[in-house]
Amino acid sequence: MAELFAAVDCGTNSVRVLVCRRDGGRTVEVDRRLQLTRLGQGVDATGRFRPDALARTLDAMADFGAELDRLGVPTSHRRVVATSAARDAANSAEFFAGARARLGVDADVIPGEEEARLSFAGATSGLPGTAQPVLVMDIGGGSTELVLGSDGVCSRAVSLDVGAVRLRERFLHSDPPGPAEIAAARAQVDALLDGSGIDFDLVATWVGVGGTATSLSALAQHLPTYDRARVHGSVLARGDLAGLTAGLLAMPVAAVAALPTMVPGRADVICAGALVCAAVADRTGCDLVVSEADILDGIILQLT
């Protein structure tokens, strides 16, 4: 009889779930969902979850928990991970109690290095045959994970204290951001990359996972609607990425939100995520390969 497994990732900007079936030695995707809840809204400035952000996130977890119960995923086959926002918030007890009540298991606050390694495992499993070494990048809302490795083995994993939400809230205050704001944000990103310990000269393949990378791919391809099949494995050329980043930074949020495939919960922070992405591009000298497989897939690999 097939066994069901579920991974839930609660990040700074979104809550996501992946359900897979293990049947005869094969792992098959059953369901994959996302809700943008902005749990980390204001956490960088206040150190606490806002009540409305917490409510949105727990509502999403309730929806996911009901679906896992309907599908019959046993609690022993569920893992819930919480990342940057939960690491930083002082009033996290309500979050953890709410997550357990709605999903049936405790949420694990994983360190950035584990987050990076899970993303690496998931991304590389979804893109076999790539040139080695591989740099996997996951730009989240509150942090950016970078992992360098070869043949499935990580040699360096770091979590940088900068993500799309955090960068927007700290530096990019205007709509659209002004040149001085953009310069200050880029200087912060460059400083963190300089101190990351990643040898970018070694990178043969650069892979991006998560909402920033997949959204940028969809925009670059001018997709009328989001299409996972066309995004997964797509290549975003460095020159196209640079132009797209400049364009997003020059647009007001309302104009970004009106772009095809762009959801409102990401429209105000995609320019900041693109800025981080462009800064990494300048160091690798590689085009960006975009993967739909990410930390959720890495968690499923652990569970199965």
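Me: Which residue in β7 does Val-136 stand opposite?

Reply: The model is a predicted one. Strand β6 covers residues 134-139 and strand β7 covers residues 144-150, and the two pair in the antiparallel sense over six bridges. Within β7, the residue opposite Val-136 is Val-147.

Me: Which are the edge strands of the open sheet formed by six strands?

Reply: The order in this sheet is β8-β7-β6-β9-β11-β10, with mixed pairing. An edge strand here pairs on one side only, which holds for two strands: β8 (153-160) and β10 (235-236).

Me: What is the average twist from one strand to the next in the sheet of five strands?

Reply: This open sheet has the order β3-β2-β1-β4-β5, and its pairing is mixed. From one strand to the next, the twist averages 20°.

Me: Which residue of β4 is the bridge partner of Val-8?

Reply: Strand β1 (residues 3-10) and strand β4 (residues 78-82) run parallel and are joined by five bridges. The partner of Val-8 in β4 is Val-80.

Me: What angle does the direction of helix α2 make with that of β2?

Reply: Helix α2 spans residues 51-71 and packs on the sheet, where it touches β1, β2, β3 and β4. Its direction and that of β2 make an angle of about 15°.

Me: And at what angle does helix α4 run to β5?

Reply: Helix α4 is formed by residues 93-103. It lies across β1, β4 and β5, and its angle to β5 is about 140°.

Me: Which residue in the turn between β2 and β3 has a positive phi?

Reply: Strand β2 (residues 14-23) pairs with strand β3 (residues 26-36) in the antiparallel sense over 10 bridges; along this pairing, Cys-20 stands opposite Glu-29. The two strands form a hairpin with two residues between them. The turn residue with a positive phi, about 60°, is Gly-24.

Me: Is α8 roughly parallel or roughly perpendicular to α13?

Reply: Helix α8 (residues 211-220) packs against helix α13 (residues 270-284) with the axes 10 Å apart and an angle of about 95°. Angles of 65 to 115 degrees count as roughly perpendicular. Therefore α8 is, relative to α13, roughly perpendicular.

Me: How do the residues of the contact of α8 with α13 divide into nonpolar, polar and charged?

Reply: From α8 come Thr-212, Ser-215 and Leu-216, and they meet Ile-270, Gly-273, Ala-274 and Cys-277 in α13. The division is four nonpolar, three polar and no charged.

Me: How many residues are nonpolar in the contact of α8 with α10?

Reply: α8 and helix α10 (residues 238-249) pack with their axes 11 Å apart at an angle of about 95°, so α8 is roughly perpendicular to α10. Leu-216, Leu-219 and Ala-220 of α8 make the contact with Leu-241, Leu-244 and Leu-248 of α10. No polar and no charged residues take part, and the nonpolar ones number six.

Me: Is Ser-215 buried or exposed?

Reply: Ser-215 has its place in helix α8. Beyond its neighbours within four places in sequence, Ser-215 is in contact with Met-262, Arg-266 and Ile-270. The cut-off for burial is under 20% relative accessible area. Because its relative accessibility is 8%, Ser-215 counts as buried.

Me: Which residue's backbone oxygen does the side chain of Ser-215 reach?

Reply: The side chain of Ser-215 reaches this oxygen at 2.7 Å. The backbone oxygen belongs to Gly-211.

Definitions and conventions
Residues are numbered from 1 along each chain as its sequence is written. This is a predicted model: local features need pLDDT of at least 70, side-chain atom pairs count only at pLDDT 80 or more; totals for chains, interfaces and linings use all residues. Side-chain values use heavy atoms; hydrogens and water are left out. Two strands pair if DSSP finds at least two bridges between them. Helices (H or I, at least four residues) and strands (E, at least two) are DSSP runs, numbered from the N terminus. Axes are lines fitted to C-alpha atoms, for helices over the stretch in contact, and angles run from 0 to 180 degrees between N-to-C directions. Angles under 35 degrees count as roughly parallel, over 145 as roughly antiparallel, 65 to 115 as roughly perpendicular and the rest as oblique. Contact means heavy atoms within 4.5 Å. Ala, Val, Leu, Ile, Met, Phe, Trp, Tyr, Cys and Pro count as nonpolar, Asp, Glu, Lys and Arg as charged, and the others, Gly among them, as polar. Buried means under 20% relative accessible area, exposed over 50%, partly exposed in between (1.4 Å probe, protein chains only). A polar contact is a pair of N or O atoms within 3.5 Å; within protein, one must be able to donate a hydrogen and the other to accept it, and residues adjacent in sequence count only if both atoms are side-chain atoms.
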